[in-house]
Amino acid sequence: MPPAVANTMNALLKRCYSTLPGAAAAARTASTPLAVRLRRSRKLPTPAGESDALPSGLTPTEFARYQRALAKGELLRPDGTEPTEGEWLEKLNSRRSRLRGTRQVVTPSGTTETRVVGEKVYLPNIIFRLVPNFTPPGKPYNPYEATFRIPQSVTKTDVRAYLAAVYGVQTTYIRTDNYVAPLRRAWNAAWVRGKSYRTYKRAVVGLVEPFYYPMMVEDMSTEDREARERFLEQEYHVKSREDLVKGLLLRITKKNSPGWAWRGDLTTRRGTILKKIAEQRALREQFIQVTKERVQETRER
């Protein structure tokens, strides 16, 4: 990687941290692990929807680290001065936003260049599934966060590198948690895991630029929902495909019996099915009654 490109990327990511919007800072606070939020609330309660950052931009955890480093004398400069909170935060963010997987190498000519450490991956075979953010009822959607479902082997560094290299998305923080499918009893009384798709890792990513998830069907008005259904039917023939699948399934269950024909949705409605069952039961009861009368007449003779 050319040094100019690496320096440009570092400067860009560093500027992203320094210009973190207020909504993004509030999202960072809301996405903090629950145990950390409870511990912070005991010391300094924070209203819902606001950031717990100090005026200097430091979070309570970062401010505690800064105070410990000052007490140990780790921040003392050769001239006897100490960095301010803003200077320390700028240095911390520059380290966070550095390009992972690279190092500075001195060439035989004496110049310094940036090289990629490890093997380059040109076509990653991992799937990042974008899902809507969890939004409590009555709360607005947070555009400075994005939620992904990723393989469990993917790390936070992989998420940051993947989004930056493939989509050019700059991230400010990444929270991950693992979801494991619940255990259930199998037919042989053994404990097994449930559906495999219920085992995944969730990654909540802080964004520099706002991103609004496409509107879901549940959030649309009646007119927009009907317009969407008409468009899908016109372009992709969804209803026709569903009817075709139903017809094929019924043909399989009827085993291509002669004289059978598809009669539309009436044969698949619950009321129609119950009516057919009642008619069959009535015919059976009538047949049993007629047979019983014949048997009695035969005995009387």
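A salt bridge here is a side-chain nitrogen of Lys or Arg within 4 Å of a carboxyl oxygen of Asp or Glu. By that rule, a search of the whole structure turns up 4 salt bridges. You're looking at a predicted model, in which local features need pLDDT of at least 70 and side-chain atom pairs count only at pLDDT 80 or more, while totals for chains, interfaces and linings use all residues. Residues are numbered from 1 along each chain as its sequence is written, and side-chain values use heavy atoms, with hydrogens and water left out.

**Stop one: a salt bridge.** Select Arg77 and Glu87: their closest N and O atoms are 2.7 Å apart. Arg77 sits in the loop between α4 and α5, and Glu87 is in helix α5, 10 residues apart. (Helices are DSSP runs of H or I with at least four residues, strands are runs of E with at least two, and both are numbered from the N terminus.)

**Stop two: α4 and α5.** Now pick residues 60-72 (α4) and 85-96 (α5), which pack at about 110° with axes 11 Å apart. Axes are lines fitted to C-alpha atoms, for helices over the stretch in contact, and angles run from 0 to 180 degrees between N-to-C directions. That angle makes α4 roughly perpendicular to α5, a label covering 65 to 115 degrees. Show side chains for Glu62, Phe63, Arg65 and Tyr66 of α4, then Glu85, Trp88, Leu89, Leu92 and Arg96 of α5; these make the contact (heavy atoms within 4.5 Å).

Select 102-106 (β1) and 112-116 (β2), antiparallel strands joined by 5 bridges. Two strands pair if DSSP finds at least two bridges between them. Look for Arg103, whose bridge partner in β2 is Arg115. There are 5 residues between the strands, and Gly110 in the turn has a positive phi of about 100°.

**Stop four: the open sheet.** Its 4 strands run in the order β3-β4-β8-β5, with antiparallel pairing. β3 (129-131) and β5 (171-179) are at the edges with a single partner strand each, so one side of each has no neighbour in the sheet. From one strand to the next, the twist averages 30°. Select 145-150 (β4) and 200-207 (β8) to see an antiparallel pair with 6 bridges; Ala146 has Val205 of β8 as its bridge partner.

**Last stop: helices on the sheet.**

Methods
Parallel < 35°, antiparallel > 145°, perpendicular 65-115°, else oblique.
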